[in-house]
Amino acid sequence: MEHARSWTIQISVLSVIMGGLVALSLKTQDRILKDQLPDVRQGRLARAFVELREDATSLRRQVLDLQKRLREYQLQTGSDSEKSKLLAQDLMLANVLAGTVSVSGSGVAVTLRDSKLAERKPNDISEADWRDLSEEYYIHDRDIRDVVNELRASGAEAISVNDQRVTGLTPIRCVGPVVMVNDVRTAGSPVVVRAIGDPDALLSGMMMTKGVLDAFRDVDSTMVSIDKVKSMTLPAYAGSTTLRYAKVANEVKANEAQRQSENAERLGDKAVQDPQSVIRDGGKK
Amino acid sequence: MKGQIWFPLFGVTFGFCAVYFSQYTLSPMFAPYLSIAVLAALDAICGGIRAALEGKFTDGIFITGFIINTVLAALLAWIGDKIGVDIVLAAVVMLGGRIFLNLSLIRRLLLTKATS
């Protein structure tokens, strides 16, 4: 009899536990269905994503390391003779222009951020209408590109967006709420564009009437702030620098391309003096 | 002896209701482990009832069997998740097979007891 009670109690206790587990399992599955979570695989995807991101970060660090070593080699060969010293200097200049070395200097920092007004939806406006109306309260990729472009026009020598160096081939675009610079994701707000150059020239380029930032000032002046910076350091471009398609042109082709460019320039001059003639002649000489 | 057979059923109902109507939920991350735990518990209960009916029930074996099975199944699920192979299916097949086996034995034992 003693024995019989013992097994009943134990099995009953385990039954209670199992009932609880079943209920818990049911509730969890319910939640998965409700949240539209792709059940088990989500965890796996998340893990794969994190791993890939870590890989990308370490690879980027590796690229930077290799680039640094390359620069050291270039400097070392430069110290050999006077001629190669000049060569190394030229190379350094090209590196600065290409954005493959970290540079410091004075300049400005332009900070763009989404307006707080975007969150204040009036009650009498529908959700969909508000999405259209609140467009101008957000920073878009085109705004960042405009700022970068204007900074270049104002004589910036090196530019970074959210500490991603902007090179001659850098795309800047939005993917949802994030901004992709050099195919690296950064925050969409605030966006800090830093440019090295003459601070006053850069500042006046930014402050120009009818300039790129004028529209923001009309909407909400807190969306933009510009600061002169005495000294800052922009990071080097940490992406791939291998070329697969572009080759250095031979002399004949280069000369021809130069002539074309000069022709186009002449056409431009003509367009300024007599806009009608360009349309009439259709760009023919 | 016959009345005691119903205790586990009451237990299941009680446990189910207690958790189902509580606020407690688990992260969806643990969903696969949970279903394995349910299977292991069901297997242990079936095995326990069978052993009891055969009169071979031993305290230690019952509880340790449940715990070890659950831990092992969870471990398999975890390792399988890591290396991308659903090893946990092995545990599911094994436990499922045992549950059916035990149920058929329980049925036979109860029937023979009822007829004798």
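Patches are built from residues with over 30% relative accessible area and no salt bridge, where like charges are joined within 9 Å. This is a predicted model in which local features need pLDDT of at least 70, side-chain atom pairs count only at pLDDT 80 or more, and totals for chains, interfaces and linings use all residues. Residues are numbered from 1 along each chain as its sequence is written, chains are lettered from A and ligands numbered from 1 in the order in which they are written, and side-chain values use heavy atoms, with hydrogens and water left out.

Q: Which residues form the negative surface patch?
A: Asp and Glu count as negative here, and a salt bridge would need a Lys or Arg side-chain nitrogen within 4 Å of a carboxyl oxygen of Asp or Glu. The patch is made of A:Asp129, A:Asp132, A:Glu135 and A:Glu136.

Q: Is A:Asp132 buried or exposed?
A: This residue, A:Asp132, sits in helix α4 (residues 127–133) of chain A; helices are DSSP runs of H or I, at least four residues. Buried means under 20% relative accessible area, exposed over 50%, and partly exposed in between (1.4 Å probe, protein chains only). Because its relative accessibility is 58%, A:Asp132 counts as exposed.

Q: Which residues of chain B does A:Gln10 touch?
A: Helix α1 (residues 2–34) of chain A holds A:Gln10, which counts as buried because its relative accessibility is 16%. Contact means heavy atoms within 4.5 Å. Leaving out residues up to four places away in sequence, A:Gln10 touches B:Phe57, B:Asp59, B:Phe62 and B:Ile63.

Methods: Patches are made of residues with over 30% relative accessible area and no salt bridge: like charges are joined within 9 Å, nonpolar side chains (Val, Leu, Ile, Met, Phe, Trp, Tyr) within 5 Å. Accessible areas come from the Shrake-Rupley method with a 1.4 Å probe; for residues, only the protein chains shown count as cover. The place of a charge is taken as NZ of Lys, CZ of Arg, CG of Asp or CD of Glu. Helices (H or I, at least four residues) and strands (E, at least two) are DSSP runs, numbered from the N terminus.
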